[in-house]
Amino acid sequence: MVNSGTAGDPRPAVIERRLEKVRRIVAVSSGKGGVGKSLIASTLAIIGSSYGHSVGLFDLDFTGPSAHVVLGADAMYPEEEFGIVPPVVSGVRFMSIVHYLGDSVAPFRGADITNAITELLAITRWGELDTLFVDMPPGIGDTTLDVIRLLPRAEFVAVTTPSRLAKPVARRAVTLLREQGVPVIGTIVNSDRETTDISDISGRFGDVPVLGRLPYDAEVETAIGDIDALRQTRFAQALTPVYEQLRYRTGQ
């Protein structure tokens with residue numbers, strides 16, 4: 001990694017060129033961890049590839065990357081050719097810090113995280129994509145602000161559970177995003193327990209639409225890492241109409 005960005009840093013302009021053939025950028029975020037955000041981001045990308053669409057997935061959760069586990073991409077590495085070419089996993093172009101750190105914990109803090117994000121975006125050659133999904137770290141912190149600055153075209157989707165703890169956090173996260181002038185497409189409500197009741201979740205979550213309510217599916221745990229098996233789960237089937245909405249709905 002090169003030194004952290006300062007005034008005159010050429011990398012933001014490089015990032016803009018790297019992404020000029022990406023039609024849409026969808027950042028999948030959450031107000032707190034443990035709500036299934038990475039699983040949803042990864043499965044959305046898998047669904048897109050099943051349609052034959054050109055999709056990418058960028059795992060930005062540096063402290064807890066897990067998208068590679070969902071995709072079963074532990075042993076895949078990018079190629080170097082005038083930058084970095086992401087490996088393709090079942091039709092999904094996939095980029096993550098795990099390509100470089102493996103199972104090690106990311107040692108980045110503060111400005112180091114900003115620098116790492118900027119560098120990975122600047123060197124990654126996504127090529128032509130219909131949609132680039134970005135798996136965001138939980139919460140609304142410096143990484144989110146970096147993404148807003150470096151990916152000004154990004155539209156956000158907020159993931160929550162019906163939990164009394166998760167719902168207010170998600171509402172605050174959506175409010176903070178919109179105060180930053182960031183377009184929010186909607187929310188996804190993910191049932192985290194078999195007994196969870198999602199019948200009281202209306203068609204809107206605060207002032208943004210609910211794109212989908214995902215049922216608890218015990219089969220997902222055994223399907224993780226096996227893309228063909230994951231595609232057949234009730235979870236993926238319930239997420240498919242959400243992907244279809246994302247194709248045409250714009251953030252507000």
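Which backbone oxygen does the side chain of Thr222 reach, and at what distance?

Reply: Happy to! The side chain of Thr222 reaches the backbone oxygen of Glu219, at 3.0 Å. For such polar contacts, a pair of N or O atoms must lie within 3.5 Å; within protein, one has to be able to donate a hydrogen and the other to accept it, and residues adjacent in sequence count only if both atoms are side-chain atoms.

Two notes on the basis of all this. The model is predicted, so local features need pLDDT of at least 70 and side-chain atom pairs count only at pLDDT 80 or more, while totals for chains, interfaces and linings use all residues. Residues are numbered from 1 along each chain as its sequence is written, and side-chain values use heavy atoms, with hydrogens and water left out.

Thr222 sits in helix 8 (residues 219-223). Helices here are DSSP runs of H or I with at least four residues, strands are runs of E with at least two, and both are numbered from the N terminus. Thr222 counts as exposed because its relative accessibility is 70%. The cut-offs are under 20% relative accessible area for buried and over 50% for exposed, with partly exposed in between (1.4 Å probe, protein chains only).

Now for the wider setting. The protein chain has ten helices and eleven strands, and 51% of its 252 residues are buried. Among contacts with a separation of 6 or more, 76% join residues 24 or more positions apart; contact means heavy atoms within 4.5 Å.

The side chain of Asp135 meets that of Lys37 at 2.7 Å. With 0% relative accessibility, Asp135 is therefore classed as buried. Setting aside neighbours within four places in sequence, Asp135 touches a list of residues that includes Val28, Ser38, Ala41, Phe58, Asp59 and Ala67.

Three aromatic pairs turn up in the whole structure, where rings of Phe, Tyr and Trp (its six-membered ring) pair if their centres lie within 6.5 Å; planes under 30 degrees apart count as stacked, over 60 as edge-to-face and the rest as tilted. One of them joins Phe133 and Tyr243 in a tilted arrangement, 6.3 Å centre to centre with 45° between the planes. Phe133 is buried because its relative accessible area is 1%, and Tyr243 is buried because its relative accessibility is 2%. Ring pairs also bring in Tyr51, giving a cluster of Tyr51, Phe133 and Tyr243.

The axes of helix 5 (residues 111-123) and helix 6 (residues 142-150) come within 10 Å and cross at roughly 35°. Helix 5 supplies Ile113, Thr114, Ile117, Thr118 and Leu121 to the contact, and helix 6 supplies Thr143, Asp146, Arg149 and Leu150. By class, these residues are four nonpolar, three polar and two charged; Ala, Val, Leu, Ile, Met, Phe, Trp, Tyr, Cys and Pro count as nonpolar, Asp, Glu, Lys and Arg as charged, and the others, Gly among them, as polar. The axes are lines fitted to C-alpha atoms, for helices over the stretch in contact, and angles run from 0 to 180 degrees between N-to-C directions.

Helix 6 has several buried residues: Thr143, Thr144, Asp146, Val147, Ile148 and Leu150. These pack against helix 1, helix 5, strand 8 (155-160) and helix 7 (166-179). In helix 1 (residues 11-18) you will find Ala13, which is partly exposed because its relative accessibility is 39%. Ala13 lies 8.5 Å from Ala122, C-alpha to C-alpha, although 109 residues separate them in sequence.

Phe82, in the loop between strand 3 (79-80) and strand 4 (84-85), has a positive phi near 55° without being a glycine. Ser90, in the loop between strand 5 (88-89) and strand 6 (92-96), likewise has a positive phi, near 50°. Phe82 counts as exposed because its relative accessibility is 72%, whereas Ser90 counts as partly exposed because its value is 41%.
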